[in-house]
Every structure is written in structure tokens, then in C-alpha cells.
Amino acid sequence: MKHIEDLLKERVLVLDGAMGTMLQRYKFTEEDFRGERFKDWGHPLQGNNDLLSLTQPEAIAEVHRKYFEAGADIVETNTFSGTTIAMADYNMEPLVYELNYESARIAKKVADEFTAKNPDKPRFVAGSIGPTNKTASMSPDVNDPGFRAISFDELRIAYKQQVEALLDGGADLLLVETIFDTLNAKAALFAIEEVKEERDIDVPIMVSGTIADASGRTLSGQTAEAFLISISHIPILSVGFNCALGASQLVPHLEVLSGKTDFFVSAHPNAGLPNAFGEYDETPAQMANQIKEYLEKGLVNIVGGCCGTTPAHIKAIVEVVESYKPRKLLVEGVS
């Protein structure tokens, strides 16, 4: 199988779209989330999408399959909340290894099916590592600005467990995504480096932050350039942005990254901004047309979709990227 770095020099790769948006279509009930195994669990489980890898594995496999059928090169595992920190909301901390392992295994099995059918278009699995529901650099209590709900070390330990399980399950690369606090991301990246060293392996790492609002900063206050600088000491595959904003709003922030990094650049925006009901109205054609601007300006190497995106959005993006060359790395541009 071709190495992903070689492919990224040849063409723009496409990441999948939203897992949550697709799972909402199944209208799973509390009983569906519980399945037989967790029918007597003493805590409500509806909304714990990661758990569906254990109780509704066929649905998870079907979502991956639909994104690959749409033309995606990379799918993300169903593990956005797959840490002991996030799973504490459901009293499911002991299940974290299994949740990540099974999610990676399901995605890898589907990826291998598609690669076998068309070896010229290898498919990859990115282990999705979300930001957790706690922040290491800000206080959740306005009356106690020095308070922290979690420490760097607690995050590192939790992320390390997730990383080990994702790799054991077959993830090809790791995606630290939707970063609103770079200190959290640094804990994840530190944990990944620990695992790489302990196992004597190399694994491609994607890093994707999220711009919180029109100020162009992350929630913890960093500009795009500051975010880039603060993670550039780690040997990563790509850096980019996802979530929070629609495709057109991301352009200036991608321009900053693209002009200042030797890493590949990624973007997987939402399907526009949410409406009054929290839903996303941007059609596949509208979104693909906006992503065309990234390609015309040579800003990206990897594109995909976040909240509100579906296989139809990904299919439209796939059709657009075929006409464009990937962004040239700065080191290539100089030579």
C-alpha cells in the first residue's frame, strides 16, 4: 500500500464527513444505545455515540462504508469521546480500551474491503482523538481563575490509553482534532510520542484545531499562527482546522497556515453555520463550491467535512478535488 505521504504529494486526499450527523438518521432510542449487554446499566446512555461501536456495530460499519463509497480516502474512527475523561459522564471509564479498539477494528475492516477492490486507491483509518470535555489552560469557574478541572498529566494518561487501543485496533494514523485548548492537544501529542517510543513505531499524526468565533482565535485565545507555532515542535503529518466555522469562514486562517508551515494542511469545516434550530443547511453543491476556493488558492492537501456533512457532501467534494493539484509544501516551493 502506498504511504500516505507519497499520496499527499500526488493529489488532494478526502476525509470523511460527520459521524454524528449520520447516526442521528438512525433515530436510536435509549434501548438501542444499551443493547442487550448494557440493558441494566445504571446511567442514561442515549447520546453516547462511541458506545454504538459495541451495541450497534453494523450501523457504524455502514456509515464508514457510505463515506468510502462517496470517494473518501480516509475515515475517522467513532471515538471522538473515547477517553476516560469524557466517558466519566456515563460511568464507562473501564470500557475505554474496548471502545477504541472495536471502533478502529470496524473502520479498518471496511477500509481493507475497499482497498482490496481498488488497490490504486488505498483507504486509510484515522483514529479520532477529541478534545475531551475539560480544559487544561482555563478555569471553568469565573470566581476562581486559578482553578483547573484537569491537569496535563491526567490528560496525558487518558490520551495514552486511547492511542494504544486505536493502534491495536488497526488505525493507520491518528487525528488530534477539534482542538479548542492547545494544552490539551499537547498532552495528546506527548502521549502519542510516548507510545511511539515505547513501541518503536512511527505513525502519521494529523492535528486539527478549531477557531471559536469571528475573532479568529481558538477558545483558549490563540491565533492561527500561534496555534501553529505551539505544535510545530512535534513531527506531524498535517495541521489544519475543523468544526465551528463553515468552509468560507476558514479561508483566512488556512491562508495563515499554508503560508507558514512545511506540514501538509487539512480542513474539514462544517456544512455552513448552524441555523436557529442548530441544524446545518448548506447543500453539498454549496459546500463543494466554497471548498473550490481552497483548491484554487492552493491552500490544502486534505479536505473533508465536519458537523452537518453527509456522504453527499463528501461525494461533491471528491468531484471538485479531482480537477486540482495539492498544495505544494514550502520546502518543495523553495527548491
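In this report, buried means under 20% relative accessible area, exposed means over 50%, and partly exposed lies in between, with a 1.4 Å probe and protein chains only. The model is predicted: local features need pLDDT of at least 70, side-chain atom pairs count only at pLDDT 80 or more, and totals for chains, interfaces and linings use all residues. Residues are numbered from 1 along each chain as its sequence is written, and side-chain values use heavy atoms, with hydrogens and water left out.

**Overall architecture**

The chain contains 14 helices and eight strands; helices (H or I, at least four residues) and strands (E, at least two) are DSSP runs, numbered from the N terminus. A compact globule of 335 residues would have a radius of gyration near 20 Å, and the 19 Å of the chain agrees with this. That radius is taken over C-alpha atoms, and the globule rule is 2.2 Å times the number of residues to the power 0.38. Along the principal axes, the C-alpha atoms fill a box of roughly 60 × 50 × 50 Å.

Of the 335 residues, 56% count as buried. Contact means heavy atoms within 4.5 Å; among contacts between residues at least 6 apart in sequence, 77% join residues at least 24 apart.

**Helix α8**

Helix α8 covers residues 152-169; at 1.5 Å a residue its 18 residues should span 26 Å, and its end C-alpha atoms are 26 Å apart, in agreement. The expected span is 1.5 Å times one less than the number of residues. Buried residues of α8 include L155, Y159, V163, L166 and L167. Their cover includes helices α6 (84-87), α7 (96-117) and α9 (182-199), together with strands β3 (124-129) and β4 (173-179). After α8 comes G170, whose phi is positive, near 115°.

**Individual residues**

| Residue | Relative accessible area | Class |
|---|---|---|
| S208 | 0% | buried |
| T178 | 10% | buried |
| F28 | 12% | buried |
| N91 | 44% | partly exposed |
| E322 | 63% | exposed |

S208 lies in strand β5 (residues 205-209). Not counting residues up to four places away in sequence, S208 touches L175, V176, E177, T178, I179, F227, G240, F241, N242 and H268. One of these contacts, T178, is found in strand β4. T178 has a positive phi of about 55° although it is not a glycine.

N91, in the loop between α6 and α7, also is not a glycine and has a positive phi of about 55°.

F28 is placed in the loop between α2 (19-24) and α3 (30-34). Leaving aside neighbours within four places in sequence, F28 is in contact with L23, F33, Q46, L52, Q56 and A59.

E322 occupies the loop between α13 (311-321) and α14 (330-334). The C-alpha atoms of E322 and L13 are separated by 9.6 Å, although the two are 309 residues apart along the chain.
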